[in-house]
Amino acid sequence: MLKFRRARLDSALDRERLLRLQYQLFPSDVIKDFYEGTETPEWWLVLHDDEAVAFASMGYEKEGESILSRCGVVEEFRGRGIQRRLIRARIKRAITRGVKAITTYTARWNKHSSENLASLGFVKVRTKGGFHDWRLELP
């Protein structure tokens, strides 16, 4: 059974889980203390039998806007709707915080992430280089 929850950055175990997933799923990214990379970052974990199998983040970069800056799912757990649930959880959290818009980006080759964002109302606003930029206006 999968358990979705917000990560506790004051927990050494949760920080270790986030870093392990970061290095496993995004090995070419060089990010020191990535969970401190945005202003007031919030992180989510997905656990399966107490093992972290997915993670996601949201930061608040501008007044009234947030950014979905990271999401990864361990390969054997892909195709189960985990990414969509993590996107929905972050949208819900943004609304409760009074955020008016969410931005994010995907690599052009990442069809599944692009489809998930579009299906949840995000609009592609720009393609530059190897990336698509997305935006969702909130009520």
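## A walk from a loop to a pair of helices

At 63% relative accessibility, Asp 49 counts as exposed, where exposed means over 50% relative accessible area, buried means under 20%, and partly exposed lies in between (1.4 Å probe, protein chains only). Before going on, keep in mind that this is a predicted model, so local features need pLDDT of at least 70, side-chain atom pairs count only at pLDDT 80 or more, and totals for chains, interfaces and linings use all residues. Residues are numbered from 1 along each chain as its sequence is written, and side-chain values use heavy atoms, with hydrogens and water left out.

So where does Asp 49 sit? You'll find Asp 49 in the loop between strand 2 (42-48) and strand 3 (51-62). Helices (H or I, at least four residues) and strands (E, at least two) are DSSP runs, numbered from the N terminus. Asp 49 isn't a glycine, yet its phi is positive, at about 50°. Most residues other than glycine have a negative phi. Asp 50 is in that loop between strand 2 and strand 3 too, and its phi is also positive, about 70°, although Asp 50 is not a glycine. With 56% relative accessibility, Asp 50 counts as exposed.

Arg 17 belongs to helix 1 (residues 12-25), and at 4% relative accessibility Arg 17 counts as buried. Leave aside its neighbours within four places in sequence, and Arg 17 is in contact (heavy atoms within 4.5 Å) with Arg 5, Leu 45, Leu 47, Asp 50 and Ala 52.

Now hop over to helix 2. Helix 2 has 15 residues and reaches 21 Å from its first C-alpha to its last, close to the 21 Å expected at 1.5 Å a residue; that expected span is 1.5 Å times one less than the number of residues. Buried residues in helix 2 include Ile 82, Leu 86 and Ile 91. After helix 2 comes Gly 98, with a positive phi near 80°.

What does helix 2 pack against? Helix 2 (residues 82-96) and helix 3 (residues 111-119) pack at an angle of about 45°, with their axes 10 Å apart. That makes helix 2 oblique to helix 3: angles under 35 degrees count as roughly parallel, over 145 as roughly antiparallel, 65 to 115 as roughly perpendicular, and the rest as oblique. At the meeting place, Gln 83, Arg 84 and Ile 87 in helix 2 touch His 112, Ser 113, Asn 116, Leu 117 and Ser 119 in helix 3.

Terms used
Axes are lines fitted to C-alpha atoms, for helices over the stretch in contact, and angles run from 0 to 180 degrees between N-to-C directions.
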